[in-house]
Amino acid sequence: MFATALPALGEAWALILQPVVLGYLVLGVVMGLAVGVFPGLGGIAGLSLLLPFMFGMDPILGLALMIGMVAVVPTSDTFASVLMGIPGSSASQATVLDGFPMAKNGQAARALSAAFASSLFGGLVGASFLTVFILVARPVVLAFGLPEMLMITILGLSMVAVLAGRIPLKGLAAAGLGLMIGTIGEADAGGSLRMASYDIPYLADGLKLVIVGLGIFAVPEIVSLLRQDRSIAKGASLGAGWLDGVKDWFANIWLSIRCSIIGVVVGIIPGLGGSVVDWIAYGHSVQTTKDKTKFGKGEVRGVIGPESSNNAKEGGGLVPTLLFGIPGSGSMAIFIGAVALLGSGDIEVGPGMLKDNLDITYSIVWLLALANVVGTIICIAASGGIAKLTTIRFTYLAPFLFMLISFAAFQSGQNFEDLLALFAIGLIGIFLRRFDWSRPAFLIGFVLSNPVEKFTNQAFQIASFRFRKSFEEGMEYVFSPIVIVLIIITVISVVLGIRQAKTIMAEGDVQSGAKRAPLVFLLVIAGYLIFALINANMIPDYNMTDKIIPLVIGGFSLACCVILLVQMMRRPEGDTIFADKEVAGEDADAPFGLWSTLAWFAGLIAATWFVGFILALIGFLISFLRVRAGAGWGKTLLLTACGIGFMCLMAGALNRDFPPGLLQGAVDLPWPLK
Amino acid sequence: MTVLKSTRNAVLGLIAAAGLAMPAQADVDFSGKTIEWVIPFSETGGSAKWANFFAPLLGEALPGQPTVVVKFMPGAGSTKGANWFQKQKDGDGTLLFGSSGSTQFPYLLGDPRVRYEYNDWNAVMASGTGGVAYLNAEDGAKFDGSANALQDTDFIYGSQGATRLDLVPLLAWKMLGMNVEPVFGIKGRGDGRLMFERGEANIDYQTSSGYLKGSTALVDAGKAVPMMTWGALDENGEIVRDPTFPDIATFKEVCEATEGCETSGEAWDAWKAFFVAGFPVQKLAFLPAGTPDDIIAAYTKAFQDVVARDDFAEISSKRVGKYSVFTGGGAQTALGTATNVPAEAKAYVTNWLSEAYGVTLK
């Protein structure tokens, strides 16, 4: 096998290094960057846009175009995560934790260039690793059965220990709540409905990650900054430049290498996708840093770790895609379909790929690496300029951010309910933030809810099948060497995590105040958990697979809440358990109230219900800029026109619709009003 | 009313198929228009692949060479998109809808989310696939053309859900007296094959293209043994050997050879009904209710032209797998066979689903 590898690698480079191929690659990269900057769209939207052109296209050109686009989405979505605190995709959620605080400290350019340098490096490490590894990957992939996948999911979940915050019980309850919210909808196994009904089809499908990510991270930050009426960077100044970020990355190059390898390895395992990688990398960054007090407040290592892993993960994700024809992510699924359309359809993604098309396989791997290089250089060049956004008075940015996140949320399911869900999750996010309940823990819980449930049920079923055959066969299946190693890593990571959690304050040093408000919030959460438990218990016993996880997790989270309740009753006012951002600090001193600020967002959604998104947006932008920002008519109209124009341009290019309202139901209007 | 309408459409389709309706479509011109082909699934599924393959070919073949774009409207197991399409009336030919077995099965099983009626729509193209079941090497050695020696073995199978296309293999194995335990919750047949390759599952099935791409390599390596195909339908609606796999026996043959399995009676009728709805007529393209006849004729002609392309067999087998394609009247007839399932067959399947898997669609 290795004998054929070198010539194939040579052929691959000969294919790649043609000017026309590189031209297509750059074109793909530019398109990918444009799509990736838009939060919530990601590679799927971009690839769908390219599909019609793939039919019969020269394979290497088509591959260059598509890979250029896919490769840079996890690079460019960093802009939104760092500058606005909006997780652009699941790949950049952990980046928000330290990247956004850095932007608030006026170090946006530094954070961005550190992130991009890490991305680039991760991509290259990933490609080098794959070049050798892809030849022997097949048995490795097959060694990861359901127990192994379950253990990796649990390892991801154990990162909650690191991110739980000052009161570990609160972090656990937040993660449990996230897990429970993740079980809403039709169960994978038996199809039972949890906290949903067929009368509300929206809930039966469950909540989408985009919406929960935006609701938990973006909405609370936007609202908080808007209330304070200042720029994102305190004092509207940019401290460090882009060169500092690159230096930061170089100083932490070993962390970057380790996280890149974590990225490739986890990316290789089919069925997990990228959802856990950045959290594992973040946890690893925390555990290997001596001074942990800066995490959550703008520690550059918290940016370097996850960003190194998320581009490397894209390379790892190629293994199940190319070798087994099993897509590691949504964009890879389209990629497989598109490859079949290329040329005369001779390239068949799947087991034959290594035998018949090793040169194409290598071309794909190195096109991906090359696209990373091109994309990163463009991004670093742009980061200094784009970082200036953080010095603008936030009141001028906020309406456009509301516009963007609403559009992104709508794209996830194309229902009006998407906007309502965004608002509801946003409210949860606002209160989690206010009372210092760990939002990362909540999100990890949500992201891993489905894998935890699925792998637990499936592994249990197959294990009991093996145990029925013989005890040895069962033990061999459940406790494979990989599982044992993963258990050891998980235990170490939990022990270390619990010791370290208290020093990591993701929400900053939150002051404590009176008992009432935190207590009410706790009771609301406990109430939801009780309701969800009763609901899960109503599922008939023959569908045990659909009820066991909600019952166990819900019971556990409720127990955490009850202990918290007892503690709250016993401890005096002012104890850390009563952390409340409205007592003192930025939020408490803000000139604008929470509800009046939130009402603007609610107004946009309500108006969309009546007149559709674009008309509502025109009204929203004009009135917001006039009333809240106090802008003159000229400025207002200009900004509104820019916003609407940008929205229509993006949606038009991607062939997307806007949320319709009652008006659109009654009258036929031309696009974009329809 | 609906029966009358579908008969009328069938007749019209047949006329179009015979080439008699050619003059009618002279008025239809889609120059400069954009046609939306709505798929009630996400961008990543098999239906997306199917529509993306046909869209550019259809655009070339329609009068005026319009642009055909594929739009995705996923949700509620494809019933959301189908319910939406049901509300679209009096089409001007710029809206096309694609349904799949996953849209047909909830309709047949009386899923409460279904608010659509297939007989209202105008089928202009239908295409189908086949399926192959296979065993691991150890159990495959016991297979002798009948399942007699497999009835004492415990099987485990990675399944997407009992109400999906997996209903067909699960019911077939049950009729053969085999004890197959499904592990539910996998996301696609590729995941099922991976579970089989890892040795966690010891029985699997793939659609024709999935089998050719992924599983034949396993068979050649001696890791898998083909058991049976679901077969194909001949002109009389009888099940015959799948032309793609002429060497593999059909379920019908295996059933006949196996003690206790009968190729008549309510179990067989139920299996056959759902097999037809899920495989030979798996994917259909529709124009909305109330579409004028000349537009239907134009689409019929366009799809016929697509299928008549010299290179069609070659490009379609490479890009979407080997499908048998019906157009015009053939599509309408195919729709009839796919959606007219006798009440007894439905009752049998509903009852079996609730007894074996606790699945109730209420």
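Guide: Over residues 1-25 of chain B, pLDDT stays under 50. The model is a predicted one, and for this stretch it has 38 contacts beyond four places in sequence. Helix α1 of chain B, residues 2-18, has the lowest mean pLDDT among the elements of that chain, at 39. At the other end of the scale is strand β9 of chain B, residues 224-229, with the highest mean, 96. Chain B as a whole averages a pLDDT of 84, and 91% of its residues score at least 70. For the model, the scores are ipTM 0.85 and pTM 0.87.

The domain assignment puts residues 2-129 and 280-343 of chain B in domain 1, and residues 131-268 in domain 2. The centres of these two domains of chain B, taken over C-alpha atoms, are separated by 29 Å. Where they meet, ten residues of domain 1 of chain B are in contact with eleven residues of domain 2 of chain B. On the domain 1 side, helix α4 of chain B (residues 101-109) gives the most, with four residues. That side of domain 1 of chain B has four nonpolar, five polar and one charged residues.

Next comes the contact between the chains. Chain B brings 36 residues to it and chain A brings 44 residues. On the chain B side, the elements that each supply at least two residues are α2 (46-61), β6 (154-159), β7 (179-184), α7 (189-197), α8 (208-220) and α12 (312-319). Of the side of chain B that touches chain A, α2(B) gives the most, with five residues. By class, this side of chain B has 14 nonpolar, nine polar and 13 charged residues.

Along the principal axes, the C-alpha atoms of chain A fill a box of roughly 70 × 70 × 55 Å. Buried residues account for 58% of the 674 residues in chain A. Of the contacts in chain A between residues at least 6 apart in sequence, 81% join residues at least 24 apart.

Chain A is also assigned two domains: domain 1 (2-35 + 43-392 + 438-541) and domain 2 (594-666). Their C-alpha centres lie 31 Å apart. The contact between them takes five residues from domain 1 of chain A and four residues from domain 2 of chain A. On the domain 1 side, α3 (42-54) and α12 (209-228) of chain A each supply at least two residues. The largest share of that side, three residues, comes from α12(A). The residues on this side of domain 1 of chain A divide into four nonpolar, no polar and one charged.

Last is the nonpolar interior. In soluble globular proteins, nonpolar side chains tend to be buried together. The largest nonpolar core in this model has 327 residues, of which Leu214(A) and Leu367(A) touch the most other members. Helix α4 of chain A, residues 59-84, contributes the largest share of this core, 17 residues.

Note on methods. Residues numbered from 1 in each chain as written. Chains lettered and ligands numbered in written order. Predicted model: local features only at pLDDT ≥ 70, side-chain atom pairs only at ≥ 80, totals over all residues. pLDDT = per-residue confidence, 0-100. Contact = placed C-beta atoms within 7 Å. Core = buried A, V, L, I, M, F, W, Y, C linked by C-beta atoms within 7 Å. Buried ≥ 20, exposed ≤ 12 C-beta atoms within 10 Å, placed from the backbone. Nonpolar A, V, L, I, M, F, W, Y, C, P; charged D, E, K, R; others polar. Domains from an automatic or database assignment.
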